Amino acid sequence: MKPINGLTLNGQSLNGLILNRLILNSPISNRLILNRRYREIAAEVMTFTLLSLLMLLFSTAARADETLTDEHHFPQAEAFILNDAQGNEWSLAEQAGKPVVIHFWATWCPYCKKLQPGLERLRLANSESDLEMVAISFNEDKGAMPAKVLKERGIDMTTLINGDKVAKRYGVTGTPTTVFINRQGQVVWVTRISDPDSPKLVQAIDFLLSEQ
C-alpha cells in the first residue's frame with residue numbers, strides 16, 4: 001500500500017487506520033475473534049455447571065444432616081464357626097454379650113506381622129475384662145501353619161484357620177483387616193490399619209468396653 005504521508009484522523013495516521021481496518025475485516029481475524037468468544041462462552045458454561053454441582057452437594061449434605069440422630073445403626077455381625085489348628089471350635093454366637101475383636105490376616109502378609117504386636121499388647125492390657133480377641137487366617141499359601149507362625153512371633157492370641165468363607169461374608173478383601181464388634185453383636189468399626197501404635201485401636205477397644 002502506498003503511504004499517505006502527513007494525513008491524520010483523531011491523532012492516528014490514515015495509514016494506521018487503513019491497516020487496522022484491513023486486519024479486522026480479514027477472515028483470519030474473524031476466526032480469532034470467534035474462537036475467543038467460544039472460549040469465553042465455554043468458560044461461562046463451566047463456571048455455571050460447577051456452581052450448580054456445589055449447590056446440589058450442599059443441599060444434599062444439609063438434608064442428610066437433618067436426618068441424623070444420636071443413635072447409630074450398626075450392621076449385625078454374621079455368626080460363624082471356625083476351628084483352630086488343634087480342631088477346637090470357636091463360635092461367634094457363643095461370645096454373645098462380649099465385645100469381640102477379629103483380626104483377619106495371612107502368614108505371608110508383612111503388614112499383619114507389623115500390626116500383631118500392637119494387638120497383642122491391647123489384648124493383654126484388657127485381659128481382666130470380657131474382651132475377646134481372635135485372629136482368622138485366610139488366603140494362605142499351601143502348607144502354611146498360622147498358629148505356629150504366631151507362636152514364633154510371640155503372639156498368644158488364638159488364631160482360627162481356613163477363614164476364607166468368613167472373610168468373604170464380612171467383605172474382607174485385604175490384609176490386615178480388623179473388625180470391632182460390640183456387646184450387641186454389631187460391627188462398629190472395620191479398619192485396615194497396620195500401625196501397631198495407632199491410637200485409634202485403643203479408642204476403638206475403649207469404646208467397646210464402655211458400652212453396656
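## Asparagine 126 and the end of helix 3

Asparagine 126 is buried, with a relative accessible area of 15%; buried means under 20% relative accessible area, exposed over 50%, and partly exposed in between, computed with a 1.4 Å probe and protein chains only. Asparagine 126 sits in the loop between helix 3 and strand 6. Its contacts, leaving aside neighbours within four places in sequence, are Leu131, Ile205 and Leu209, where contact means heavy atoms within 4.5 Å.

This is a predicted model, in which local features need pLDDT of at least 70 and side-chain atom pairs count only at pLDDT 80 or more, while totals for chains, interfaces and linings use all residues. Residues are numbered from 1 along each chain as its sequence is written, and side-chain values use heavy atoms, with hydrogens and water left out.

## Overall composition

The protein chain has six helices and nine strands. Helices (H or I, at least four residues) and strands (E, at least two) are DSSP runs, numbered from the N terminus. Of the 212 residues in the protein chain, 34% are buried. Among contacts in the protein chain with a separation of 6 or more, 68% are between residues 24 or more positions apart.

The accessible surface of the protein chain is about 14200 Å², and carbon and sulfur atoms hold 57% of this area. Accessible areas come from the Shrake-Rupley method with a 1.4 Å probe; for residues, only the protein chains shown count as cover.

## Helix 3

Helix 3 (residues 110–125) has 16 residues and spans 24 Å from its first C-alpha to its last, close to the 22 Å expected at 1.5 Å a residue. The expected span is 1.5 Å times one less than the number of residues. At glutamine 116, helix 3 bends by about 30 degrees, and proline 117 follows within four residues. The bend at a residue is the angle between axes fitted to the seven residues ending there and the seven starting there.

The buried residues of helix 3 are Cys112, Leu115, Gln116, Gly118, Leu119, Glu120 and Leu122. The cover over these residues includes strand 5, strand 6, helix 4, strand 8 and helix 6 (199–210).

## Aromatic pairs

The structure holds five aromatic pairs. Phenylalanine 104 and phenylalanine 138 form an edge-to-face pair, with 6.1 Å centre to centre and 85 degrees between the planes. Phenylalanine 104 lies in strand 5 (residues 100–105) and phenylalanine 138 in the loop between strand 6 (132–137) and helix 4 (146–152), so the pair ties together parts that are 34 residues apart in sequence. Rings of Phe, Tyr and Trp (its six-membered ring) pair if their centres lie within 6.5 Å; planes under 30 degrees apart count as stacked, over 60 as edge-to-face and the rest as tilted.

Phenylalanine 104 and phenylalanine 138 are both buried. Ring pairs link Phe104 and Phe138 with Phe80, Trp90 and Tyr170 into a cluster.

## Isoleucine 81 in strand 3

Isoleucine 81 belongs to strand 3 (residues 81–83) and is exposed, with a relative accessible area of 52%. Not counting residues up to four places away in sequence, isoleucine 81 touches Glu89, Trp90 and Ser91. The C-alpha atoms of isoleucine 81 and leucine 92 are 6.6 Å apart, and the two residues are 11 residues apart along the chain.

## Strands 8 and 9

Strand 8 (residues 177–181) and strand 9 (residues 187–191) run antiparallel and are joined by four bridges. Two strands pair if DSSP finds at least two bridges between them. Valine 179 stands opposite valine 190 in strand 9. The two strands form a hairpin with five residues between them, and glycine 185 in the turn has a positive phi of about 75 degrees.

## Backbone features in loops

Proline 176 is in the loop between helix 5 and strand 8, and the peptide bond from threonine 175 to proline 176 is cis, with omega near -10 degrees. Asparagine 139, in the loop between strand 6 and helix 4, has a positive phi near 55 degrees, though not a glycine. At 44% relative accessibility, asparagine 139 is partly exposed.

Asparagine 162 lies in the loop between strand 7 (158–160) and helix 5 (164–169). Asparagine 162 has a positive phi of about 55 degrees, although not a glycine, and is exposed, with a relative accessible area of 64%. Leaving aside neighbours within four places in sequence, asparagine 162 is in contact with Leu82 and Ser137.
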